[in-house]
Amino acid sequence: MKILITGVAGFIGSNLASRLIDEGYDVVGVDNMSQGHPLNLSSFEENPAFTLRKIDIKDKEEMTRAAEGCQVIVHLAAYKIPRYSDALDTLLINSTGSENVFEAARQTGARVIAASTSDVYGKNPSVPFNELSDLMVGNPTVKRWAYAISKMFEEQLLFAYHDRFGLDFVAVRFFGGYGPNQNLTWWGGPQSVFINCALDDTEIEVHGTGQQTRSFTFISDHVDGLLGLIQHPEVNNLALNLGATKEISILGLAELIWSLVRKDEKPKIKLIPYTNFGNYEDVNRRIPDISRARDLIGFQPKVDLETGLKKTILWQIQRRKALNIPTPDLNIHYG
C-alpha cells in the first residue's frame, strides 16, 4: 500500500512516516518546509520506500499529481492557533489547502484520514468530550478561534465530500501530542517551551492561573491510532478522538517538567495574566472520551506522561545540540 502524508516533515507526519516505512508501506511525503524541519526526515529520507514532494497543499494540480497511486491520504499539514500574527494564513491554508487535498482524494479514489483537533470542542464545559459533543467557540473577535473554526470547516467539508462524491474519511481529533520531532516553540505546545526554560534555567511563563487542564498524548500513541485507522479501512465517515485521558493542570505540567530537568531545585514559574495578551480566551478543561476509538480500532494509550516527558526531554537536548542551541550539560539520566 502506498500512503501520502501531507506535512510529512512536521511532528506527527515524520513520526508516522517512520513507523509506516518500518511496517513495510511506501510513503509519499508532501511538505513545503515552511514549518516542518529537515532533521525530522533524516532517519528515513534515503529509504527507497520514501518519496518527498516539496510542494504546497495550496497547489491543486501538484497535490493531485502527488496523490496518484496512493490508497490513503493522511492529511496533517496545517497552520495552528495564530499567536503572533493575523489569522489569515490559518484560515486559508486549513480551508483552501484541505479542499485541494480532498479533491485530489476524490479524483484518485484515495481514502482520507485528516487531522482535526481537540480545539474544536472549544468552550464546551462538559468533559470528557465525545465525538457528538457540541462544538462551542467564543467571541469572533478573538483570533485564537480561527484555528478551531478552520478545523470545523474542514470536518464539514469532509462530510459534504462524502455525501456528494462518496469520499471515505476519518476526521481525527488529536489531544495534546508531544514527543520527539516536536517544534521547539509554542507551535509545538507548552511542553516544548517549558522544557527549554528548564534547560536554560529561566522562568517558565504560565498563562492565567495555570489551573486550566489538558491531557497530553505521547507521539507513539497517536501514531498507533493512525496506524490502526489505516489497518481498519472499514472505519469511515466519522470524527474520532485520539488522546490520553489523564488530566493535568498547566501549572502542574510546568512543575513536573522542572523537576524532571532540575531535580530538587525550586521551580522558577511566573504567572502571566491573560490581559497581557489583549483580546484572548482560553479553554478551562480538555479531556477526551476515547470509547469510540477503543471500540473501533482497539486504541489505548500506553505511555504515561512522566515516561513520555523523560523521553522528550532527552530528545530535546539532542535536537538543541544539533541546532547549535547552547545547552547546559545537566547530566540527565533516568532509571
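The model is predicted, so local features need pLDDT of at least 70 and side-chain atom pairs count only at pLDDT 80 or more, while totals for chains, interfaces and linings use all residues. Residues are numbered from 1 along each chain as its sequence is written, and side-chain values use heavy atoms, with hydrogens and water left out.

**Aromatic pairs**

- Rings of Phe, Tyr and Trp (its six-membered ring) pair if their centres lie within 6.5 Å; planes under 30 degrees apart count as stacked, over 60 as edge-to-face and the rest as tilted.
- The count by this rule is 10 aromatic pairs.
- Y121 and F129 make a stacked pair, with 4.5 Å from centre to centre and 10° between the planes.
- Y121 counts as buried because its relative accessibility is 0%; buried means under 20% relative accessible area, exposed over 50%, and partly exposed in between (1.4 Å probe, protein chains only).
- F129 is also buried, at a relative accessible area of 0%.
- W186 and F194 make an edge-to-face pair, with 6.2 Å centre to centre and 85° between the planes.
- Both W186 and F194 are buried.
- F102, Y161 and F165 are linked into a cluster by ring pairs.

**Charges over rings**

- A charge sits over a ring if NZ of Lys or CZ of Arg is within 6 Å of the ring centre and within 35 degrees of the ring normal.
- R106 lies over the face of F165, 4.6 Å from the ring centre.
- R144 lies over the face of W145, 4.7 Å from the ring centre.

- Helices (H or I, at least four residues) and strands (E, at least two) are DSSP runs, numbered from the N terminus.
- Two packed helices are described by the angle between their axes and the distance between the axes.
- Helix α7 (residues 250–262) packs against helix α9 (residues 305–322) at an angle of about 55°, and their axes are 11 Å apart.
- Axes are lines fitted to C-alpha atoms, for helices over the stretch in contact, and angles run from 0 to 180 degrees between N-to-C directions.
- α7 and α9 are therefore oblique to each other; angles under 35 degrees count as roughly parallel, over 145 as roughly antiparallel, 65 to 115 as roughly perpendicular and the rest as oblique.

**Residue R286**

- R286 is in the loop between β13 (269–272) and α8 (291–297).
- R286 counts as buried, at 11% relative accessibility.
- Leaving aside neighbours within four places in sequence, R286 is in contact (heavy atoms within 4.5 Å) with residues including D119, F129 and R144.
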